[in-house]
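Take a look at the structure shown here.

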Amino acid sequence: MAGVQTAICLRDQGFPGEIILLGAEPHQPYDRPPLSKAVLLGAADGSAFEVDFAGLRVDLRLGSRAEALRPAEREVITSDGPLPYDRLVIATGAEPVTLPGSAGLPGVHLLRTLDDANALRPVLAARHEVVVVGAGWIGAEFATAARESGCPVTVVEAADHPLAGVLPPEIAEPMRGWYEAAGARLLTGTAVAAVEPGSVVLSDGTRLTAGAVVVGIGAHPATGWLAGSGIALDEHHAVRADDRLRTSLPGIYAVGDCASFPSARYGERLLIHHWDNAVQGPRVAAANLLGGDEVYDPVPYFWSEQFGRFVQYAGHHTAADRMVLRGEPGGPAWSVCWLRDGALAALLAVGRPRDLAQGRKLIERGALLDETAVRDAAVPLKNAVREAA
């Protein structure tokens, strides 16, 4: 998404020169969110972008992997040989974290690419007994699809609640009931000790039957190919971009999952592995490539469809923010607002899209809210504003 959008934005903003778009995969560029939904369930064969690359005069080179960067020579070393550039945009995304000791084992799957989704479709069609490792966003979405297909599902999570590291326990814990209601078994506070043919062994010695194992324990920036280039990376090994999405090397920008950037809005560096960031960042990068001076400081946004619920999140919260509930997390529709010095910093909405739409605008404005009004789920968020910050 980030690479394709950068090419489109460059043309939209009037760039007349040559654009080369490299893609390591052999497939036409595609959208990732449908992989855990329509593609996985067999409702669609793919999710290729409807983009006329020839009409945009974009030289699309598929199956060509970036292997090294030589900034002094202004060359990218690819699997097809050296490729010179005048300006470079790094949009190599993220790679899934693998379960130690599981590489190459039959029946162990990831869900990141179109090939991954296609490999899992027969698993669902055969209604194999599935063990999912990780109760994060991907784990929950795959478990949802597997249950819809009639597969017995057990989800194993090392932390003591789902979505650990993303949401506080008091918000995530009620989501445990979503698994139970869908007929999925959720085991928390349990690590995987080993994966064996046909089974998963847990740290407490429990052995789970597994016709297939799906690993969803996170992703890390795909930046290993930049080793030795001199380009600055952050502590997460993401490309360390500035607020214009420029890297530490001249003429090189970075967008999407592979790059972090400083946010004045939140006072910290953000690394966002979500679709919306891959759409918004390229517009700013393209503008600045063409001589602009635009700052990138978005309100992060993402969504997830799981167990019959539409979950949306906007903003960025920390442990220090004040948390205000709108409705009960055990109910069918509720929201959580995080306030910082009275201003809305982030919002999680479950089945309340209007809260999300209004909240996102309030975060962008830096609006101060009346906490009593925020707590009343019957009061529209836009009516909870007391003054502009």
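In this predicted model, the side chains of Arg244 and Asp243 form a salt bridge, with 3.0 Å from N to O. Is Arg244 buried or exposed? Arg244 counts as buried, because its relative accessibility is 17% and the cut-off for buried is under 20%. Asp243 is partly exposed, at 24%.

Arg244 has another partner. Its side chain also meets that of Asp293 in a salt bridge, at 2.9 Å from N to O. This pair joins distant parts of the chain, 49 residues apart. Asp293 sits in the loop between helix H6 (275–289) and strand S21 (301–306). Arg244 lies in the loop between strand S17 (239–240) and strand S18 (252–254). Asp293 is exposed, because its relative accessible area of 52% is over the 50% cut-off.

Asp243, Arg244 and Asp293 are linked in a network of salt bridges.

Now turn to another pair. The side chains of Glu25 and Arg32 meet in a salt bridge too, with 3.8 Å from N to O. Glu25 is partly exposed, at 23% relative accessibility. Arg32 is also partly exposed, with a relative accessible area of 37%.

Here are the pairs side by side.

| Salt bridge | N to O distance |
|---|---|
| Arg244 and Asp243 | 3.0 Å |
| Asp293 and Arg244 | 2.9 Å |
| Glu25 and Arg32 | 3.8 Å |

How many salt bridges does the structure hold? The count is 18.

Terms used: Residues numbered from 1 in each chain as written. Predicted model: local features only at pLDDT ≥ 70, side-chain atom pairs only at ≥ 80, totals over all residues. Heavy atoms only, no water. Salt bridge = Lys/Arg side-chain N within 4 Å of Asp/Glu carboxyl O. Buried < 20%, exposed > 50% of the residue type's maximum accessible area, 1.4 Å probe, protein only. Helix = DSSP H or I, 4+ residues; strand = E, 2+ residues; numbered from the N terminus.
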